[in-house]
Structure formats: structure tokens, C-alpha cells
Amino acid sequence: MRADTHDIPTLKVLLVGNSNVGKTAIFERFVDDFYDPETTTATIGVDFRSKIVEVRDTKVKLNIWDTAGQERFRSLTSSYFRNALGALIVFDLSVYETFEQLPLWFRELRTYSSDQQVATVVVGAKLDKVGSRVVNRSEGMAMADKNGAGYIEVSAKTGVGVVEAFEMLIGRIMDTPALWKDGDVLARTDSVVAVDQVEEGTRYCGC
Amino acid sequence: SPTDSQLYLVNPHYRDSPEYPPLHLLSFKDAKWSILEKFSRITQLGARAAHSLLQHPVAKTHLLPHLPESLQRSPEVRKVADEFDLARVYLAKWAQKIAEDAQADQRKYKSTSLEVAQVGVFEIDNLDIVSRRDPLSPQEWAACFDSSGRLSITVDEGVHPDIRNQVWLFLLHVVPWSSSSIERSSILSAKRDEYIRYKARWYETPPLEEERFRIEKDVHRTDRSHPLFAPDDIPVPQSSPFVGTNLHLEMLKDLLSTYNEYNPSLQGYVQGMSDILSPIYIVMQDDNLAFWCFTGFMNRLERNFRNDQTGMKNQLSTFCDLVRFVEPRLYNHLESLDSLNFFFFFRMLLIWYKREFKLDEIFRLWEILWTDYLSSQFHIFFAMAILERHRDTIIENLRGFDQVLKYRNERFGRVH
């Protein structure tokens, strides 16, 4: 068991996007195949879960970081971006403003995720809300294209597209030579990581 | 502390100042770490050693007699004392080893077929609030008032649910402890007028749609399983993405909008504030009183929600200092895991454990923390207690920041 999880590559991926677009619902549907609108709460800080999935006959362990959406906590959430290989950038298909802010999220990711390329997929959420859609598919795809991202529409409520969104993201990580080579995550040099750790570790410690 | 050399003040706050005059506040950071570290090692070892020492039959008969201080200064006695110390250390180590072995055996038994990397396989009971005495009862409370309705009491063990809505007015400084009942009723009526004035401001000049929506979307996902907030039997306007609302949800929205008027320096609603308001509203069930209790609590918490996040950073940093001081071994381990930012305590410190406990536990915990008994920063010590409780598991099993975060999410007394 132990050897198993250690042998398979681990990918750190993020869920980002404005608040209340449904990041946590997508996260819970994917990890636990669970959806309950009654128990939903605003994410504060970050939640973290793992799941092992198989894409293109390769098993990978996804470490998924579900972040809080509100700007006020950006200085915290952005520090989670480090070393992420990919991100689902989520917006609400029924709230135009959350779509308009996608460029901000791309910028945020580029700024904070380290200097490597990050694979991205734009996710239009709440597909089940028939009749409330205010962003159409072609508009969404155009936005994703412009930023070099994949595009998919999902519903955490029905489960449509959720697994596919993560698979699409993993596929894009595997297709990015700077991130993935010969069936494994490209090793970042240890010394670089070590330096990062020191910085990160001491940032908020005044001692 | 200037009044007690054994007492260290951690992140002293003006609320602590009645006991410790501000001019003499000794900041924790002023002291040199090397000294504190040594001190910590000695006290830790001392405490552990003393404990195991007293348990040991040999120690009980031969080592216990304490020497007066004057005698200890003589070289001969010093030598004996040093040997005594060596024996103490030996006994301490021996006792610890026994304890560790026993624990390890237990763990081995529990985790045999489980994946080591999957943390959190050990049974960790939920955090219980251990009661040292019963909460303040309505009868006791009534007996605390004199004939003019002035109060004389120390509340430090929580209060009975029936009198909570009265006691909280004092604890949250809505009414002064020294007020008479006549004074209180005039204060509360003046507060009502003031509340209505703040409310009128945003009624007359409604906030931006964006701000209104920011509040709405959080209120509609705050404690919805509570009977007050569960129904959605009132229709919402066309523009709202929600299916329905109810009177109490609308009250929460009004209160949060009114707070924006009362405290414009926060520049609008911040996530987490609905979590702070909800328990207060449930207890008070009166919008005027809930509003002033909320502002009372927010006076403490405001720094957590500021744009620059300095309040949170300072508390996380204080917490980091505290861990280094109290649990150096754990500190070193967390350092090696790149986890010294203590982000895994962010939510707990931001909204005072609201998401980690059930509502009735939160009422109790908050009212105890509000008393400022021992420290106005007791919520940080509470975090320390939670961390300590998980210390061994963290040290022995967690091998990365992500695992620490995962462990926190799954195990730190999460009840929702």
C-alpha cells in the first residue's frame, strides 16, 4: 500500500475563482461523489483533499487545494499557489461578473504559482440551472482559448462534467513538456525547493 | 509580567492592562530566544521529570526532601543537587521511554493494515469542553444583582442557556458591568435609536449590488441546518440566484449591511463575518441586541478582517512563537514540514473555532473566551491546546505541509 502511493506521481492542483461559484461543490462531487446544498458554507482559508485517478493508463495522485474566493484573503490563498501544476478556474455560468473576472485569476496564478507554466482549465459551473445561464458556450471557449486554457461546463449537482474537468486538467499537465516527462512530474531541483521552504516557513513567524 | 516574574505575557493587549499596567508590559518578543529556549527546556524537563519522579517509588523515599534555598548555594550541596538533577533526568527519560513504548504498541495495533501515508488513521476523539464547574444558572445569576440591579460577579465557566441573552450584553460590553437596571434600560433604548439610524443610512442609499450580493450569498450558506435559518418560504426578488429566503436570513443580511455603515473602515463585508453573527443572532433573537453584541465581538475581531491581513498575520506569528516556546520538538518538526506559517489554524483563529464545534459548544466557548480571564488572547492558547493534543501524531506521522493541512481538515474536531 505504502509503496503504491509513493510510486505514483503526485500532482498539486488548485480550485480558484470568485466566491460562491461552486468550487467546493465541484471539489466534493469529485472527491466524495457527494452534493448537498444544505450543508454548504463559504470556504475560509483552504481545504485540501487527495484522490488517486487514472488518466491515459497512468495512475496519478491528485492533491487538490480548494481555496476561499473572496479578495480579502487573496494574500493567504495566493501563497498556496506555489508549486501547483494545474488549476481549475471556476466561474458561475449564471453570474456574468464571475466570468468577467477570469482574467484576474489567470494573472493571479501566473504571479504566484512559481515561474513554471501552469496548466489551466476554465470551468463553467452550475450547468444545471437551466434558464439562468448568462454566459454562452462560445464566449466561454473564446476566453479559455485566449488564455491558453481548456474549457468545460459542469454541474456539481448532477455530476455532469466534473470528472472530465479534472481529467482534462491532468491531460493538459501531461501535455506540457515543462511539467511532465516520461510518465512523471518533472523533478524540481531540490535546492530550489529547499530555498522556497525556508522563505515560506519563516514568512509569518516573527521569532 | 512586572508583577510576577514567573508570568510571561504573550502578545499583550490593552484588554489585559487592568491586571498588567501598559507601561510595564513585557513583550514576549523582547526577550532573547536563546534564553527563552533554555528556560523552556528546563521547565519542560523539570515538569516532566518532577512528575515522573514523584511517581517513582525510589524517588518518593530518597529524592523528595527539598532543600532550603540558602543551603543550595553552598558548593557541597550544589554538587549533590547536580547529581540529583542527573538522576532526575535519567528517571524522566526512563519514564518517557516507557510511556512512548506503550503508545507505540497501541499504535502498531491500531494501524497495522493501514497505509502509513494516509494520516489520521488514529482515533482522535473530538475536542470536548471540559467543565470545571457547572455553567452559571439563572438562579445564581439573579442572586448576583443588588437592589438597584447592579451586578457583581465573575463569569468564567459559561452560563445557562436561559440567561445567555442577558449575560452576553455584559460580556460583549453592550452595557457596562457597573450599570444599574435603570441605566441599562436607558442605554439599550439609546442603542436602539442609534441602530435605527445606521440602518436607515443604507436603506436610503442602498449599497452597490455587488456588496449586497456578497452578503446574500454567504448568509444563504451559513448554519442553514439551524431551525431559524432552514426555511426558504419567502420568495426572493428575480435578481437573486437563490430559491427562497426567510425572515431570519433577511435579518442577518440587514444586520451585516448595517454593520458596514457602523464600521466603514473594513470596506464592506468579509467572509467569516456571517459565521460570527449567526450564533449571536440565534442567542439574542432581537435585531437591536444582536447588532450591538455583534459590534462588541467585532471590536475584538475586526483586525482579522482588515484588508492588509495584519491581524491574522500577527496572531499566526504569535502562535508560532508560542509553539516554539511551549513545544520546541513540535516546532522543529513543523519547521521541517514547511508548516510554520500555521495556515492550518487560519480558520480557527479567524472566526474563533466556529466551524470546528457545534453551535451549543460555540456559545460556551465564546462566552468563556470573552471574559478575558487569564488573557484577552486566550483563543491563541486554546489553539495551542488543540495543537498539543495532536502533537504526537503530527510528529510521528505527518511528512509534509499538505499532510498537516489534510490532517487538520479531517481531524481537528471538525463536526460539520
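Me: What kind of model is it, and how do the numbering and lettering work?
Reply: This is a predicted model, in which local features need pLDDT of at least 70, side-chain atom pairs count only at pLDDT 80 or more, and totals for chains, interfaces and linings use all residues. Residues are numbered from 1 along each chain as its sequence is written, chains are lettered from A and ligands numbered from 1 in the order in which they are written, and side-chain values use heavy atoms, with hydrogens and water left out.

Me: How many helices and strands in chain A?
Reply: Chain A has 8 helices and 8 strands. Helices (H or I, at least four residues) and strands (E, at least two) are DSSP runs, numbered from the N terminus.

Me: What about accessible surface?
Reply: Chain A has about 9100 Å², with 50% belonging to carbon and sulfur atoms. Chain B exposes about 20800 Å², and carbon and sulfur atoms supply 55% of that. The areas come from the Shrake-Rupley method with a 1.4 Å probe; for residues, only the protein chains shown count as cover.

Me: Give me one residue from chain A. Where is A:Ile152?
Reply: A:Ile152 sits in strand β6 (residues 150-153) of chain A. A:Ile152 has a relative accessible area of 11%, so this residue is buried.

Me: What does A:Ile152 touch?
Reply: Leaving aside neighbours within four places in sequence, the contacts of A:Ile152 include A:Val121, A:Val122, A:Gly161 and A:Met168. A:Val121 is 31 residues away from A:Ile152 in sequence and 7.4 Å away in space, C-alpha to C-alpha.

Me: Over to chain B. At what angle do α12(B) and α16(B) cross?
Reply: Helix α12 (residues 310-326) and helix α16 (residues 378-389) of chain B cross at roughly 50°, and their axes come within 10 Å. Axes are lines fitted to C-alpha atoms, for helices over the stretch in contact, and angles run from 0 to 180 degrees between N-to-C directions. α12(B) and α16(B) are therefore oblique to each other. For the labels, under 35 degrees is roughly parallel, over 145 roughly antiparallel, 65 to 115 roughly perpendicular and the rest oblique.

Me: Which residues meet there?
Reply: On α12(B) they include B:Phe319, B:Leu322 and B:Val326, and on α16(B) B:Ile380, B:Phe381 and B:Leu387 are among them. By class, the contact of α12(B) with α16(B) has 9 nonpolar, 3 polar and 1 charged residues. Ala, Val, Leu, Ile, Met, Phe, Trp, Tyr, Cys and Pro count as nonpolar, Asp, Glu, Lys and Arg as charged, and the others, Gly among them, as polar.

Me: How about α7(B) and α11(B), what angle?
Reply: Helix α7 (residues 181-204) of chain B packs with α11(B) at about 85°, the axes being 10 Å apart. That makes α7(B) and α11(B) roughly perpendicular to each other. The residues of this contact divide into 6 nonpolar, 1 polar and 5 charged.

Me: Is α8(B) enclosed or open, and what does it pack against?
Reply: Helix α8 (residues 209-219) of chain B has 8 of its 11 residues buried, so this helix is largely enclosed by the rest of the structure. Its buried residues include B:Phe213, B:Arg214 and B:Asp218, and they pack against α9 (247-262) and α10 (273-284) of chain B.

Me: Backbone check: where is B:Trp352, and what is its phi?
Reply: B:Trp352 lies in the loop between α14 (346-350) and α15 (359-370) of chain B. Its phi is positive, about 50°, although B:Trp352 is not a glycine. At 2% relative accessibility, B:Trp352 is buried.

Key
Contact means heavy atoms within 4.5 Å. Buried means under 20% relative accessible area, exposed over 50%, partly exposed in between (1.4 Å probe, protein chains only).
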